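Hello,

Here is the structure we spoke about. Please look it over alongside the notes below.

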Amino acid sequence: MKIGIIGCGKIAVKAHLPSFMAIPEAEVVSVADIDEEKAKYVAKKFGVRKYFKDYNYVINDEEIDLVDICTTPETHAKIAINAASNGKHILVEKPIASNVREAVEMIKVAKRNGVRLCVVHNFRYFSAMQGVKRSILEGRIGNVTSIQGVCHQHFPLRWSPRTWWFNQGGVIYDIGIHMIDAILWLAEDYPKEVYAVGGDYLNGMNCVNQASVLIEFSGKKVALCDFSWLTGRTIFSIWVHGTAGHIFSDMCFNHFYEAHGVPTPIDEIKNFSLKMFTFFKDLISGRFFLSSLAYHKPLIEKFIESIKSKGCEPVSGEEALLALAVAEAIVQSINEKGKIDIMKMIQSKSGDKNLCV
Amino acid sequence: MASKVGVSLSDYTYIGDMLEKALNSYGFNLKGKRKVIIKVNLSEFRTPETGVITHPLFLDALLKYLRKFYDLDSIYVVESDSVVGLPDFFIRWFGFIPILQKWGAEYINLSRCGSVLRDIEGLHLKKMRVPEVFLDDAYFISLSKLKTSSITRMSCALKNQFGCIPIKWKSKYHPWINEVIADANLVFRPDFSIVDGIIGVGGVQGPSFGVPINARIFVYGEDPVAVDSVCAKIIGFNPSEIAYIKKSEKLGVGTTKYELVGESIKKIRKFEFNRIEHLLLKIGFHLQQAYSRRYSRDSL
């Protein structure tokens with residue numbers, strides 16, 4: 001499969017390009033960046049044949065099967081729609097687009113042109129997250145009743161100012177979108193309503209840097225999450241509570257454990273041993289240092305497989321749209337100080353009252 | 001000859017009165033200068049109560065003191081860009097703008113004002129860019145924080161002048177950080193240094209991600225080397241263990257011999273700098289660096 005990458009920033013260089021290079025059936029044939037020198041440098045570094053300043057050369061290139069969009073979110077929709085119209089499959093970095101309207105349009109155009117659209121919500125591929133999902137599916141904690149997530153990350157100082165204030169979403173659109181996707185994926189339910197408290201806790205940053213959020217699902221599940229850019233430590237942990245037990249997962253150490261019944265010291269010893277085992281395993285393999293960057297490859301691999309086998313995408317456009325809709329609802333809820341109905345919001349923002357995700 | 005170093009106790013509520021009392025009893029004097037430059041620390045995206053950056057209330061107290069006792073033409077509050085420091089934003093986000101407006105002080109980003117290249121006889125640098133604001137005949141006050149540092153073990157008065165170097169990518173000097181701190185103090189030697197340790201930073205992940213230590217002190221004096229020697233003692237080091245203090249003394253910036261006035265430093269809280277933990281952290285950091293360099297397709 002021939003790949004064209006648009007956007008040669010950090011995420012392309014650190015995660016996407018090394019992942020494609022490590023997949024035998026993938027070949028990156030061209031890269032594009034508005035900074036031609038950067039495109040040239042990246043092409044040379046990774047042995048890519050062609051580089052361009054204008055991304056249209058990539059999407060018009062008949063040789064290319066899949067376009068990988070690694071640009072800033074506000075450009076995703078335009079590039080993806082052009083690429084889909086040219087019959088290219090699309091892999092796009094998170095969030096799928098800068099707003100719900102654009103995301104709906106991207107999905108519609110991809111469907112109309114019979115191309116596949118996949119969004120890089122790679123946190124699902126942490127082995128801890130996979131373990132949590134497996135335990136839930138095996139019914140080891142019974143029916144899921146609630147999920148609690150803590151998602152803190154130090155403010156991304158190296159981002160460009162334009163990106164910081166993107167949609168005023170701040171932390172919600174940065175690391176938060178990964179947490180939202182993880183919660184929706186683990187809950188296996190449609191988010192019905194969102195209520196959020198938070199906002200700009202500094203002076204004039206004009207975006208959300210702290211938020212506490214309640215997501216109510218169509219079933220009886222509820223998710224509570226805390227998002228912050230202010231605390232200085234990276235925390236990405238999830239508690240899943242069920243009628244027959246609990247699962248705790250910590251993505252920083254790629255570790256999870258189940259808890260059933262009465263807490264005992266043996267539980268603690270077992271959990272500590274498991275945590276140390278995973279930690280040393282990841283340390284030796286180097287995954288500990290790569291963190292989430294190590295989990296682009298399995299997602300990309302699955303996407304390529306799904307294109308070949310005409311199976312389901314690992315993260316579909318609709319799933320990513322729901323995550324984006326929740327993110328948008330969080331910001332709206334903070335501003336309006338009230339509950340937001342997700343489906344009504346998607347329908348009103350997309351201008352399609354009959355739309356059903 | 002020993003340099004006089006003052007130590008006073010306070011918290012941010014009473015800092016105005018305590019600073020006035022401390023500086024007056026020390027004999028603080030602007031020596032007829034009508035311009036003052038205050039170098040603050042806005043080096044990271046951390047809120048003031050973490051102890052990482054200058055506390056707006058401390059700056060407020062210092063500006064109040066200067067306006068009360070001196071007839072000044074101008075006060076400049078300065079900081080420079082760094083890889084993780086965006087002072088143009090931090091000055092607004094962390095609440096400094098109303099304070100600057102209240103006391104008629106002007107904020108200057110040293111990386112964005114004009115500068116001249118000057119020859120120096122430094123330990124590592126032989127040329128250094130000097131921002132134009134330092135070319136004026138001004139009284140220079142270094143207003144720094146009392147912090148531990150994973151790189152230099154501590155970050156107090158002398159290290160603050162590293163931030164006077166106007167280039168953004170100062171991190172390129174990290175392999176020679178001790179020499180460059182001494183060089184920076186050769187060029188930007190403060191006339192007076194105040195180290196705010198009311199909330200300092202302890203632990204091994206300082207200066208940016210350590211533990212806030214409610215030490216309730218501030219240290220001050222005309223000799224930044226002596227001030228840092230006292231700070232080293234407070235944190236739990238011998239000044240001779242801190243390379244940049246020794247190198248600064250060697251360059252003639254000041255002396256490690258000090259005469260303490262004010263409070264005793266024995267009363268101060270410990271800064272929780274565990275040497276074994278620090279060593280392990282350094283090993284981990286080097287492992288990470290080595291791994292990043294080796295990162296290739298095979299590592300996936």
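A:Lys192 and A:Glu216 form a salt bridge, with the closest N and O atoms 3.9 Å apart. (A salt bridge is a side-chain nitrogen of Lys or Arg within 4 Å of a carboxyl oxygen of Asp or Glu.) The pair links distant parts of the chain: A:Lys192 sits in strand S8 of chain A and A:Glu216 in strand S9 of chain A, 24 residues apart. A:Lys192 is partly exposed, at 36% relative accessible area. A:Glu216 is partly exposed too, at 23%. (Buried means under 20% relative accessible area, exposed over 50%, and partly exposed in between, with a 1.4 Å probe and protein chains only.)

Two notes on the source. This is a predicted model, in which local features need pLDDT of at least 70 and side-chain atom pairs count only at pLDDT 80 or more, while totals for chains, interfaces and linings use all residues. Residues are numbered from 1 along each chain as its sequence is written, chains are lettered from A and ligands numbered from 1 in the order in which they are written, and side-chain values use heavy atoms, leaving out hydrogens and water.

The sheet in chain A

S8 (residues 191-199) and S9 (residues 210-217) of chain A run antiparallel, joined by 8 bridges. (Strands are DSSP runs of E, at least two residues; helices are runs of H or I, at least four residues; both are numbered from the N terminus. Two strands pair if DSSP finds at least two bridges between them.) A:Gly199 stands opposite A:Gln210 of S9(A).

S9(A) also pairs with strand S10 (residues 222-228) of chain A, antiparallel, over 7 bridges. Here A:Glu216 has A:Val222 as its bridge partner in S10(A). S9(A) and S10(A) make a hairpin, with 4 residues between them.

S10(A) has a parallel partner as well: strand S7 (residues 144-152) of chain A, through 7 bridges. A:Val150 faces A:Asp226 of S10(A) there.

The whole sheet is open and has 8 strands, in the order S13-S12-S11-S7-S10-S9-S8-S14 (chain A), with mixed pairing. Strands S13 (255-259) and S14 (340-341) of chain A are at the edges; each has a single partner strand, so one side of each lacks a neighbour in the sheet.

Other salt bridges

How many salt bridges does a search of the whole structure find over all chains? The total is 32. A:Glu63 and A:Lys50 make one of them, with the closest N and O atoms 2.9 Å apart. A:Glu63 lies in the loop between helix H3 (56-59) and strand S4 (66-69) of chain A, and A:Lys50 in strand S3 (residues 50-52) of chain A, 13 residues apart. A:Glu63 is partly exposed at 27%, and A:Lys50 is partly exposed at 24%. Both belong to a salt-bridge network of A:Lys2, A:Glu27, A:Arg49, A:Lys50, A:Asp61 and A:Glu63.

In chain B, B:Asp71 and B:Arg34 meet in a salt bridge at 3.5 Å, N to O. B:Asp71 is in the loop between helix H2 (56-69) and strand S3 (74-79) of chain B; B:Arg34 is in the loop between helix H1 (15-26) and strand S2 (35-39) of chain B, 37 residues away. B:Asp71 is exposed, at 57%. B:Arg34 is partly exposed, at 38%.

Two buried loop residues

A:Arg124 belongs to the loop between strand S6 (117-120) and helix H6 (127-137) of chain A. A:Arg124 is buried, at 4% relative accessible area. Its side chain reaches the backbone oxygen of A:Pro314 at 3.0 Å.

A:Gly170 is in the loop between helix H7 (161-164) and helix H8 (176-187) of chain A. A:Gly170 is also buried, at 4%. A:Gly170 and A:Ser228 are 58 residues apart in sequence, and 9.3 Å apart from C-alpha to C-alpha.

The interface

22 residues of chain B contact 27 residues of chain A (contact means heavy atoms within 4.5 Å).

Best wishes

Definitions and conventions:
A polar contact is a pair of N or O atoms within 3.5 Å; within protein, one must be able to donate a hydrogen and the other to accept it, and residues adjacent in sequence count only if both atoms are side-chain atoms.
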